[in-house]
Amino acid sequence: MITAETVHDLDRELIWITVEGRLTLAEKLDMRVWIGKALVACPRAVIVDLTAFDDPTGTAASMFQAAADSAREYYGVLLLWVTPAGGPLRTQLDLGFWRRKLHLFEDRARAGVAAQAGPPPPERFRLALDPDGLAPSRAALLAQDACTMWGVPEVTAAARRVAFELVHNAAVHAGTAIAVTVSLRGSYLHLGVRDGRPDAPARLLPLRRSDPVLADPPGDGLHVVDRNATAWGCAADGHGKTVWAVIRLPGSVAP
């Protein structure tokens with residue numbers, strides 16, 4: 001039986017997954033799901049700690065390679081691995097073939113340093129906002145400017161709606177300073193809204209507005225995000241939370 005713990009390092013844009021136990025064929029899907037959920041958040045890097053993990057099935061290494069290829073091609077995310085302390089999987093990963101195929105490290109400290117020194121962060125737009133009535137519209141304009149700059153007008157309307165609703169939610173519910181980030185990551189446009197409260201986002205009614213681009217049927221503001229984003233979620237730490245959403249770019253292939 002295997003277990004996993006996921007921790008978000010919001011300041012460094014890293015996700016750590018600690019996997020423990022002995023893999024069975026029936027649990028391979030569970031492991032793919034844990035890694036997949038981390039990748040779709042489009043952090044700068046995902047680090048999987050395998051120190052207390054082993055694979056008697058002999059199939060994990062090829063699964064790791066497929067996950068790393070998907071992370072790079074579809075999400076623009078660096079995927080790194082902390083090697084097991086011992087056992088059959090450690091013996092397999094010590095082979096030169098896997099050392100060339102995977103980003104393998106002896107401990108968490110080295111993996112963390114490599115993640116920070118890896119590929120540069122994706123091109124992004126940033127905006128700091130006060131939690132006032134103008135914040136949602138300013139966030140929507142930031143998303144529009146980003147889509148124009150990157151030549152992806154097909155997702156402009158969806159990006160504006162999502163940015164508006166996430167910032168509206170943060171302004172009303174959190175009431176703290178807000179940081180908005182829009183970036184291109186692999187096959188997705190990524191929007192992140194950070195505030196100073198770690199609790200999950202509240203479900204709020206959207207503001208009434210006359211802008212036809214932002215118009216959406218009345219209802220729950222986060223349902224607007226559901227309708228316009230490919231996926232979205234929330235990651236919290238001791239200093240606040242980031243609510244993120246991704247929108248698949250036109251012509252891209254889903255993983």
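Me: Let's start with Phe-97: is it buried, partly exposed or exposed?
Reply: Keep in mind that this is a predicted model. Phe-97 has a relative accessibility of 40%. Buried means under 20% and exposed means over 50%. The value for Phe-97 sits between those cut-offs, so this residue counts as partly exposed.

Me: And Trp-98, is that one buried or exposed?
Reply: Use the cut-off of 20% again, since anything under it is buried. Trp-98 comes out at 10% relative accessibility, so it counts as buried.

Me: How many aromatic pairs are there?
Reply: Rings of Phe, Tyr and Trp pair if their centres lie within 6.5 Å. By this rule, the count is 4.

Me: Is the pair of Phe-64 and Trp-81 stacked or edge-to-face?
Reply: The ring centres of Phe-64 and Trp-81 are 4.2 Å apart, and the planes make an angle of 25°. Planes under 30 degrees apart count as stacked. With 25° between its planes, the Phe-64 and Trp-81 pair is therefore stacked.

Me: How many residues apart in sequence are the parts that this pair ties together?
Reply: Phe-64 belongs to helix H2 (residues 60-75), while Trp-81 belongs to strand S5 (residues 78-82). Both Phe-64 and Trp-81 are buried, too.

Me: What kind of aromatic pair do Phe-97 and Trp-98 form?
Reply: Their rings are 4.8 Å apart, centre to centre, and the angle between the planes is 85°. Planes over 60 degrees apart fall in one class. That makes the Phe-97 and Trp-98 pair edge-to-face.

Me: What's the volume of the largest pocket?
Reply: This pocket is lined by 24 residues, and those nearest its centre are Leu-10, Glu-13, Arg-185, His-190 and Thr-242. The lining divides into 12 nonpolar, 5 polar and 7 charged residues. The space in the largest pocket is about 430 Å³.

Me: Which element gives the largest share of the lining of the second largest pocket?
Reply: The second largest pocket has a volume of about 290 Å³. Among its 17 lining residues, Arg-72, Val-77, Leu-78, Leu-79 and Pro-119 lie nearest the centre. H2 and S5 are the elements that give two or more residues to this lining. The largest share, 4 residues, comes from H2.

Me: Last one: which are the edge strands of the open sheet?
Reply: The sheet has 5 strands in the order S7-S8-S9-S11-S10, with antiparallel pairing. S7 and S8, for instance, pair over 6 bridges. An edge strand pairs on one side only, and here those are S7 and S10.

Notes: Residues numbered from 1 in each chain as written. Predicted model: local features only at pLDDT ≥ 70, side-chain atom pairs only at ≥ 80, totals over all residues. Heavy atoms only, no water. Phe/Tyr/Trp six-rings, centres within 6.5 Å; stacked < 30°, edge-to-face > 60°. Buried < 20%, exposed > 50% of the residue type's maximum accessible area, 1.4 Å probe, protein only. 1 Å grid on protein atoms, 1.4 Å probe; cavity = no way out; pocket = protein on both sides within 12 Å on 5 of 7 lines; lining within 4 Å. Points joined across faces, edges and corners; volume = space filled by probe spheres on them. Nonpolar A, V, L, I, M, F, W, Y, C, P; charged D, E, K, R; others polar. Pairing = 2+ DSSP bridges.
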